[in-house]
Amino acid sequence: MTKRIWDEAVECLPLPQLVALCQSKLQESGVVARAARSPLYRERWATAGVVPDQVHDYDDLRQLPFTTGGDLRAAQAEQGLDALVCAEHPRLWVSTSGTTGSHKWIPMGDEDILAFTAAAVRMMFMGLENPEHWSLLWLSTPAPFVTELAGYMLLASQVLHEGGAELGFCSLPEVFDVLSFARLAQIEALQAMPSMAMVIAETVAQRAGKSAREQFRKERTLANLMRSVAATVLPIKASDIFKFRWGVFVGEPLDPYRSALKESFGLRPGTCYAASEFMACSACECRFQKGMHLPMDSCLPEIIPQEELNKEEVDTSYVPQAIPLWEASPGLLGEFVITTFASALPLVRYRTSDLITVVSTDPCECGRTQPRIKVRHRIDDIVNLGLVRFSAYQLKEKLERLGAHGQVARWQLRLTRENHKAKAVLLVQPRGRIADPGAFIEELEEKMDELRGVKQSWESGLIAKPEARLVDEVVEKRTMSGKIRYAIYEDVYFEEA
Amino acid sequence: MDKLNIALQPPGVEQLPLADLAQLGEQRLVEGKVIERAGTSSLYAKRWNRAGVEVKAVLSRSELAQLPFTSAADVIEVQKRSPMRQFPCAPAAVWFATDSQGESRKWIPYSKQDLVQYMGLLTRLERPTALKERDVILFVVPMAPRTTNAMPYLWIFTDILETKLKLEFVIGSMFLLGASNWPEFTLRRQPTVLVSRPSDALALVEHFAKAAGTSDAQPKELFNRLRAGIFFGEPLSPFSQAIQETYGLEPFDCYLSAEFPSLSAECSAHDGLHVWMDVSIPEIIPNEELAREKANPQHKPAAVFLDQAPAGLEGELVLTTFGEALPLVRYRTGDRVRVTGTEPCGCGMTHPRIAVQGRL
C-alpha cells in the first residue's frame with residue numbers, strides 16, 4: 001500500500017498527545033536555556049525575571065515576553081554575529097527578503113539543516129498525490145534567499161531518506177529554457193510563487209501563436225499551416241504544453257490565483273506557509289486543502305487574537321494575551337506567534353507580524369491531527385505584492401517630496417486584484433487645485449515605479465500596473481491607536497477568484 | 001542516515017601509485033559493467049548500433065579505446081530527437097544542465113549514488129586546497145540548473161555527515177547583487193575562503209568596496225582573514241594575477257562540468273590540476289590528431305591515456321566515467337588541456353595533472 005503520510009505516528013497523534021509531545025520537545029530541546037545565552041533574549045528576559053531553567057511547559061513559557069522582528073534586527077545590528085548563534089557553530093546563513101528594506105540574516109546549525117530536510121520530505125508527502133515516486137521542477141530566486149536552499153534540502157532528503165523523487169532546479173531568469181525541459185522529461189509537479197507561475201502561463205499563451213506562425217513561415221507545410229491557424233483561433237493554454245499535475249505555491253496568498261492556475265495549467269495547486277526564520281516549521285496544505293497543517297512537533301504555535309491586538313494599538317504599554325493555537329476556536333483571527341526548537345537561532349514567542357485565521361483543530365480528512373490555519377496578510381505596513389514587497393512608509397516619503405504638478409493632502413494605497421494579479425491603487429486627495437491632473441497622475445505613478453522592483457514586476461506581468469487616481473476625499477482609516485493605516489487590503493485581495 | 005556511504009573512496013586513494021590507479025579505473029570499468037549499462041541509454045544505443053559496436057562486456061582499457069567517441073553534439077541531438085526518459089541508464093534523482101549554447105543546453109541526470117559520489121569528490125577538495133576547521137566559505141553560485149548551483153548545498157551535507165570540518169557557508173549570487181545585501185553581510189562575516197568563477201570574483205571587487213562605503217578599497221584590505229580561493233567555470237590563468245593582486249589570496253584552479261563533476265583541483269604545488277583516476281579514465285586527443293581530423297572529417301583521431309601521456313602534451317580531454325544515471329563513454333569534453341605531469345606531485349598525491357587552457 002502506498003504510504004501517504006510521512007510520519008503517521010506523529011502527524012496523526014490525537015491532539016492532547018500532540019500537545020504533550022510539543023511541550024516535551026520544548027523541554028527536551030533545551031531551547032529556552034539555549035536562547036537565554038543570546039543577546040536577543042538575555043537582557044529582556046533578565047528584566048522580566050525569567051529563570052530559563054524553570055521553563056518546563058506552556059504555562060511557564062507564556063510568562064516570557066514576546067520577541068519581534070524588530071528585536072532580531074536590532075540585535076543583529078548591535079551585537080557581534082557570533083554572539084547571536086546559539087548552536088555550537090553556524091553552518092549556513094540565509095537572508096530574509098527584507099520587507100522593511102533591511103534584511104535579517106538567519107544562522108542555521110547542523111541540527112536545523114537536518115530537521116529541515118526531514119520537514120521538506122514530509123511536506124511533499126502532504127502536498128502530492130503520489131509521494132513515493134514523483135517529479136518536481138523547483139523554481140526559485142537564487143541565494144542568499146532561502147527558497148534555493150529549500151529545494152536542495154528536498155534533494156538531500158531523497159539521498160538521506162531513501163526517497164524516489166526526481167527533481168529539476170531552475171533560477172528565475174532561466175525559466176523558459178528550463179520549462180521546455182520539464183515538458184520533455186514529463187515532470188509532474190511545479191514549485192513556484194503563484195504570480196510567477198501565472199506569468200509563465202500567460203507568456204506561453206502569447207508565444208504559442210507566434211511560434212506556430214514562425215514555424216509555418218520557415219516550413220510551409222499543410223500541417224504547419226493548420227497549427228498556425230489553430231494557434232491563432234484557439235486559445236493555447238499552459239496545460240496544452242506542460243503536463244504538471246500538481247503545484248506547490250509559496251511566498252504570497254494562493255487563493256486569488258487558485259482557479260487561474262487550475263484553469264491554465266490543469267494542475268492542482270497547493271500551498272505552504274514558510275519563513276526564512278523558521279523553515280523547519282513550515283505549514284503545508286494536504287490534498288484536502290482545508291487549511292495548512294502546522295507541525296506542532298517542531299514548534300509551539302500561539303495566536304494573539306485581533307481584539308488583543310486592538311487593545312495594544314490603543315495602549316502601546318498593554319501586553320496582549322496570546323492563546324495556544326490548539327485551544328483556539330475555528331475562525332479566530334490574529335497574529336501568529338511561534339516558538340521553535342531550533343539550534344542556531346531559536347525563536348521564543350516570536351511575533352511573526354502575519355495575520356492568520358484558525359481553520360480547525362479537529363482531525364483532518366487526510367488523517368492528520370496537526371491544527372490547520374490560513375494566512376491572510378501582514379499586520380504592519382508592509383505591502384506584499386508577491387515578489388515585490390515594500391513598506392508603505394517608503395511610498396509616503398516619496399509622496400511628501402512631490403511638487404512639479406501638485407501636492408498630496410491625503411492618500412491611501414488600496415491592495416486589490418485585476419483578475420488574479422495583485423494591483424496597487426493609489427488614491428490621492430490633492431492639496432488645492434491641480435492645473436494638469438493628467439500630468440499629476442503620471443507623476444504619482446512614476447513615484448510608485450521608483451519603489452524597488454515595482455516597475456520590473458508590472459512590465460514582466462508579475463503584477464498588474466499600479467494606478468493612481470485623484471479623488472475628492474480619501475477616507476482615512478486609522479488603527480486603534482489613531483495611527484493612519486496607509487495600506488488597505490481589500491477583501492478581493494485574499495479571496496479565491 | 002548519519003554518515004554518507006562514499007564507497008568509491010578507498011583510504012589513501014589520493015596517493016596510490018599511478019599504475020594501481022590505472023588498474024583501479026579499469027577494474028571499475030569492467031566490474032561496474034559500464035559499457036553494458038551505457039548501451040541502455042539513448043545517447044549510445046542507436047549510434048553504437050549504426051557504428052556496428054557490439055554492446056558487450058569490455059574487459060580492458062585497450063578494448064575501451066576501440067569504442068567511438070561521444071560528443072556534446074551527440075547529447076544535444078539525442079535529447080532533441082529521442083524521448084528524454086530514454087536518456088538515463090538509472091532513475092534520476094536530479095537533472096542538472098550545462099550553460100546554454102545557442103538554443104540548446106545539455107541535460108544531465110544524476111542518480112542518488114551519483115550524488116553521493118559527487119559529495120565524495122567534494123571531500124577531496126579539502127586536502128589539496130588546505131581547508132581548515134571552521135573555515136568560513138563565501139560561495140558565489142551560478143544559477144540553477146547548473147551543477148555548480150547545487151555545489152555549496154551538497155558540500156554542506158558532505159561536511160555535516162562526513163568530513164566534519166565545521167565549514168561555515170555564506171552563499172550569494174551575482175544575479176541578486178542589487179536586491180540583497182550579501183556583500184555587506186560578507187564583510188561582517190569575514191570569510192577565509194572564496195569559491196567562485198574567476199570573472200565573478202573580479203566583478204565583485206567594486207561591489208565589496210561599495211558595501212564598505214569606499215570607492216577604491218581592495219578586497220585584500222577589506223577581508224583580513226581571506227586566505228584561499230577556489231575558482232571554477234572558466235580557466236583561472238587569465239584572471240589569476242589580477243585576483244591575487246586585488247584579493248591577496250592563494251588561488252586554486254578547479255575543473256568541473258555538468259556532464260561530470262570531476263572536481264579536478266590544483267594543489268599547493270600549483271603545477272596543474274589533479275585528475276582523479278579512480279572515478280574516470282581520462283584520455284587526450286593530441287593537437288596533431290585534432291588538426292588531421294579538421295583537415296579530413298573522416299579521420300578518426302587517436303587518443304592517449306592520460307597516465308601514459310608525456311608532460312607537455314596538448315590536446316582535447318576525453319573522459320570515460322562510471323556514473324550510474326549517465327556513464328560517459330569516451331566523451332570529448334571540448335576542453336583543450338596540457339599535461340603538466342604524471343609523476344607523483346610535490347604535494348604527495350599521485351593522480352596526473354593537467355592545465356585547462358580553454359575551449360577548443
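Two residues count as in contact here if their C-beta atoms, placed from the backbone, lie within 7 Å. By that criterion, 40 residues of chain B are in contact with 36 residues of chain A. The model is predicted.

**Chain B against chain A**
- Five elements of chain B each supply at least two residues of the side that touches chain A: strand S1 (94-97), helix H6 (112-125), helix H7 (147-163), strand S4 (168-172) and helix H8 (182-189).
- H7(B) provides the largest share of this side, six residues.
- By class, the side of chain B that touches chain A has 26 nonpolar, eight charged and six polar residues.

**Strand pairing between the chains**
- S4(B) pairs with strand S2 (residues 92-95) of chain A.
- The sense is parallel, and the pairing runs over two bridges.
- B:Val170, in S4(B), is the bridge partner of A:Trp93.

**Domains of chain B**
- Nine residues from domain 1 of chain B and eight residues from domain 2 of chain B make up the contact.
- On the domain 1 side, strand S9 (273-274) and strand S14 (353-359) of chain B each supply at least two residues.
- S14(B) gives the most to that side, with three residues.
- The side of domain 1 of chain B that touches domain 2 of chain B has five nonpolar residues, three polar and one charged.

Key
Residues are numbered from 1 along each chain as its sequence is written. Chains are lettered from A and ligands numbered from 1 in the order in which they are written. This is a predicted model: local features need pLDDT of at least 70, side-chain atom pairs count only at pLDDT 80 or more; totals for chains, interfaces and linings use all residues. Helices (H or I, at least four residues) and strands (E, at least two) are DSSP runs, numbered from the N terminus. Ala, Val, Leu, Ile, Met, Phe, Trp, Tyr, Cys and Pro count as nonpolar, Asp, Glu, Lys and Arg as charged, and the others, Gly among them, as polar. Two strands pair if DSSP finds at least two bridges between them.
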